[in-house]
Amino acid sequence: MIARLRVLASIILFSLAGNAAAETTLIHAGELLAVPGQSPRSMQTIVVQNGEITAVQSGYASADEFDGDVVIVDLKNKFVLPGLMDMHVHLQGELGPNNDRDALKMSDQLMQMRSIHYAMNTLLAGFTTVRDVGSSEQEMYAMRDAIEMGWIDGPRIIAAGGIGITGGHADISGVSPELMEMFTDVNVCDGPYDCRRAARNTIKYGADWIKITSTGGVMTERATGTGQQMEADELKEVVLAAARMGRKVASHAHAEEGIIAALEAGVASIEHGSYTGPRAIKLFKETGAYLVPTLLAGKTVATLALEADFMAPEVKNKAIRVGNDMAGSFEKAHKAGVNIAYGTDSGISPHGTNAEEAILMVDAGMSEMDVLISATINAADLIDMSDSIGTIEAGKLADIIAVGSSPLENIDELLDVDFVMKGGKVYKD
């Protein structure tokens with residue numbers, strides 16, 4: 001009888017808890033860009049419950065209209081828009097003169113603490129979702145999962161595992177042979193079937209995406225150029241193996257032949273695309289793949305190559321050439337109608353300065369509205385999350401930011417974000 005009474009009491013308490021009104025947050029938005037691409041609306045209320053947007057209504061709703069506890073966030077003098085997304089970050093480091101020293105002296109655990117710091121810098125800058133496309137994988141997967149479970153704060157992370165060829169951009173370089181041997185990754189591969197194995201292995205250990213390097217890279221400390229490095233059969237095997245297991249592939253690519261090879265293999269996005277020419281543009285439009293331009297990385301490395309003295313000579317030469325060429329290729333691709341998803345390569349540039357990419361995109365001929373679309377709707381589409389993020393609509397997660405005035409009139413407004421909410425939780429107010 002006692003046991004039955006306990007069960008009955010538990011059922012009653014559970015029922016009462018389920019029927020209790022959830023806390024409601026009312027965001028009073030002076031100007032609201034709910035869906036980038038549509039016109040902003042004035043004097044709007046966003047209703048948030050349990051981390052989700054339940055309604056967007058005209059006028060400023062009163063707390064009396066809702067049951068239970070109600071919190072009102074007054075953004076009547078702000079411009080409100082969806083949380084921004086950065087599709088190309090590296091949260092575990094920042095380019096600088098101490099990179100090699102840090103790698104040798106810092107413990108993995110301390111570097112992970114630093115990664116959390118960089119992640120918070122990113123979130124507080126208004127970027128509520130990021131795609132990390134190159135970090136120490138298990139540490140990144142752990143941070144992704146800890147944020148998702150609410151153990152630590154940070155942006156929502158889509159984490160990619162990396163695959164590259166021996167001696168290529170994703171392989172270790174610039175250190176002694178003994179250290180290169182020690183740090184060589186199991187997902188460095190050679191030949192189509194080995195690259196198939198590497199793709200499957202990467203997914204096995206937790207990758208949301210796969211990042212490949214179809215061309216050489218600027219920061220590789222070898223004079224191996226930025227031309228195509230992975231062969232067509234290697235690229236195709238990675239994409240096929242990933243697709244079989246429900247994953248997409250992003251490809252780092254500078255030279256056009258590498259861009260073309262990756263697009264022909266079926267990648268979902270091209271990172272950098274520094275020398276996107278007419279043939280590549282044609283393939284972009286045929287496949288619907290996204291270009292993630294990372295203009296901020298180009299500007300950063302070109303500037304550092306001239307002003308700093310920690311880069312190896314072969315890196316400096318590539319940085320100046322490629323960094324100064326990226327904006328022109330981006331402008332041509334955008335004008336031709338290539339899909340663009342916002343990405344900065346933060347980690348090359350300091351974390352938290354992600355909005356500077358928007359200024360460079362406008363300088364290269366993109367409209368302010370198209371920049372916001374690239375950082376919201378397009379980014380959500382690329383990572384298959386359009387049903388939950390990218391706009392401020394009922395049923396979506398409450399990823400919401402606010403700035404002082406309209407970035408449609410002055411894109412620099414994104415440099416100073418006043419309010420950040422992710423999943424209904426306020427991180428900056």
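## Close-up views of a predicted model

View 1. Leu-26 stands opposite Ile-72 in E4. This model is predicted. Strand E1 covers residues 24–32, and strand E4 covers residues 70–82. E1 and E4 run parallel, joined by eight bridges.

**View 2. Seven strands form an open sheet.** The strand order is E3-E2-E1-E4-E14-E15-E16. Pairing in this sheet is mixed. Strand E3 (52–58) and strand E16 (425–428) are the edge strands. Each of these two pairs on one side only. Neighbouring strands of the sheet are turned by 30° against each other on average, direction ignored.

**View 3. Helix H3 lies across E15 and E16.** H3 spans residues 108–124. Strand E15 takes in residues 417–422. The helix runs at about 110° to E15. The other strand under this helix, E16, is an edge strand of the sheet.

**View 4. Val-238 sits in the largest nonpolar core.** This core has 76 residues. Leu-81, Ile-210, Ile-212, Val-238 and Ile-270 touch the most other members. Leaving aside residues up to four places away in sequence, Val-238 touches Ile-163, Cys-195, Ala-199, Ile-210, Ile-212, Met-230 and Val-249.

**View 5. Cys-189 and Cys-195 form a disulfide.** A disulfide is a covalent bond between the sulfur atoms of two cysteines. The structure holds one. The sulfur atoms of Cys-189 and Cys-195 are 2.3 Å apart. The torsion about their S-S bond is about 85°, so the disulfide is right-handed. Both Cys-189 and Cys-195 are buried. Cys-195 is also among the residues that Val-238 touches.

Methods
Residues are numbered from 1 along each chain as its sequence is written. This is a predicted model: local features need pLDDT of at least 70, side-chain atom pairs count only at pLDDT 80 or more; totals for chains, interfaces and linings use all residues. Side-chain values use heavy atoms; hydrogens and water are left out. Two strands pair if DSSP finds at least two bridges between them. Helices (H or I, at least four residues) and strands (E, at least two) are DSSP runs, numbered from the N terminus. Axes are lines fitted to C-alpha atoms, for helices over the stretch in contact, and angles run from 0 to 180 degrees between N-to-C directions. Contact means heavy atoms within 4.5 Å. A nonpolar core is a set of buried Ala, Val, Leu, Ile, Met, Phe, Trp, Tyr and Cys residues joined through side-chain atoms within 4.5 Å. Buried means under 20% relative accessible area, exposed over 50%, partly exposed in between (1.4 Å probe, protein chains only). A disulfide is a pair of cysteine sulfur atoms within 2.5 Å.
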